[in-house]
Amino acid sequence: MPLAPTADDVLAGHDLTGHHALVTGGTGGIGAETAKALARAGADVLITGRDPVKGAAAAASMGVAFARLDLADPDSIAAFAVPRPVTMLILNAGLLTNALVRTKAGFEPHFGVNHLGHFALAARVPLREARVVVLSSRAHRRADIDFDDPDWRSRAYDPWRAYGQSKTANALFALEFDRRTEHTATAVLPGLVLTDIVRDLTPAQLSAQGWDGRGPGWRTAAQAAASTVWAAVTPGLGGRIVADCAPTEPWPTGHDLPDGHHAAYAADPERAARLWELSERLLPDRAR
Ligand SMILES: NC(=O)c1ccc[n+]([C@@H]2O[C@H](COP(=O)([O-])OP(=O)(O)OC[C@H]3O[C@@H](n4cnc5c(N)ncnc54)[C@H](OP(=O)(O)O)[C@@H]3O)[C@@H](O)[C@H]2O)c1
């Protein structure tokens, strides 16, 4: 295996014939590379995105199917249907924005889309002996869940902390999903890639974060997708947080987080259960 394998490298030798994979946000970036690699390995793949024209073109170029899904819109989630039970559910879609423009359901965009959108979706998708992979991020180190104000109602808005909180929520969701269901759920820290996720940020905001796409920490989207597909095909990863195709270990806080680690709060069972209950209260119409 190369030092920084791609998703295709990880899946070499795997035959995923008979698997039905759903990749949210598969129209570009890490999700597209994940979908392509799963399809090349034989899986039947359905990708989602908001724009039907962009989505259909992306799907056609990859030889996969496309369905429209806007995770900011409860009606879109309620209308979403899959043709057959899913055996690999890749909750990959995500946004990074700098403006507090609330979703159609009235939520802060990162918490509303990255976490609550997927929380609602996962309740609707029929699963069969499934692997569920949830895209978190090393950015989870920026923020634990603020249970007093998870939806940014009473504190000054900080988009980077809001993104970080949503990525902590993604990790906690995977942990609790794994505990509550008969399926196997894993969170992934894919690593840094300069994708369209930065579309809302100004060049000044990007350079203030050191986001230039160059240097040793950066990878290609195909390399970032490696951990996702690794989590989808490797046994024994239920409730774990994966980075660089290996389980990570807890670190006491989010500060100075070393590679190969996650902040302990992102894998805390008590917080995971509390977030699940909070999410259910915020989404009373959630189907399951
Ligand atoms: N890039 C990084 O460095 C990095 C690092 C760590 C973690 N991650 C995580 O990896 C995941 C993929 O990121 P990426 O960098 O590949 O981003 P990307 O290139 O911007 O792709 C994001 C995908 O999500 C979809 N999406 C965005 N908003 C959506 C919404 N409201 N409803 C439904 N789908 C929506 C987009 O589809 P449409 O535009 O077609 O709707 C797109 O296919 C995210 O969860 C991100 O947080 C990324």
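## Ligand shell and sheet of a predicted model

By class, the shell around the ligand comprises 13 nonpolar, 12 polar and 6 charged residues; Ala, Val, Leu, Ile, Met, Phe, Trp, Tyr, Cys and Pro count as nonpolar, Asp, Glu, Lys and Arg as charged, and the others, Gly among them, as polar. The model is predicted: local features need pLDDT of at least 70, side-chain atom pairs count only at pLDDT 80 or more, and totals for chains, interfaces and linings use all residues. Residues are numbered from 1 along each chain as its sequence is written, and side-chain values use heavy atoms, with hydrogens and water left out.

The ligand is surrounded by 31 residues, each with a heavy atom within 4 Å of the molecule. Among the closest are Thr 27 and Arg 50. Helix 2 (29-40) and helix 6 (159-180) each contribute at least two residues to this shell; helices (H or I, at least four residues) and strands (E, at least two) are DSSP runs, numbered from the N terminus. The table gives polar contacts, pairs of N or O atoms within 3.5 Å.

| Residue | N or O atom in | Distance to a ligand oxygen atom |
|---|---|---|
| Thr 27 | side chain | 2.7 Å |
| Val 193 | backbone | 2.8 Å |
| Arg 199 | side chain | 3.5 Å |

Taken alone, the ligand exposes 880 Å², of which the protein buries 97% (Shrake-Rupley method, 1.4 Å probe).

An open sheet of 8 strands has the order 3-2-1-4-5-6-7-8, with mixed pairing; two strands pair if DSSP finds at least two bridges between them. Strand 3 (65-68) and strand 8 (246-247) stand at the edges with a single partner strand each, so one side of each lacks a neighbour in the sheet. Strand 6 (residues 184-189) pairs with strand 7 (residues 241-243) in the parallel sense over 3 bridges, and Val 188 stands opposite Val 242.

Terms used: A polar contact is a pair of N or O atoms within 3.5 Å; within protein, one must be able to donate a hydrogen and the other to accept it, and residues adjacent in sequence count only if both atoms are side-chain atoms.
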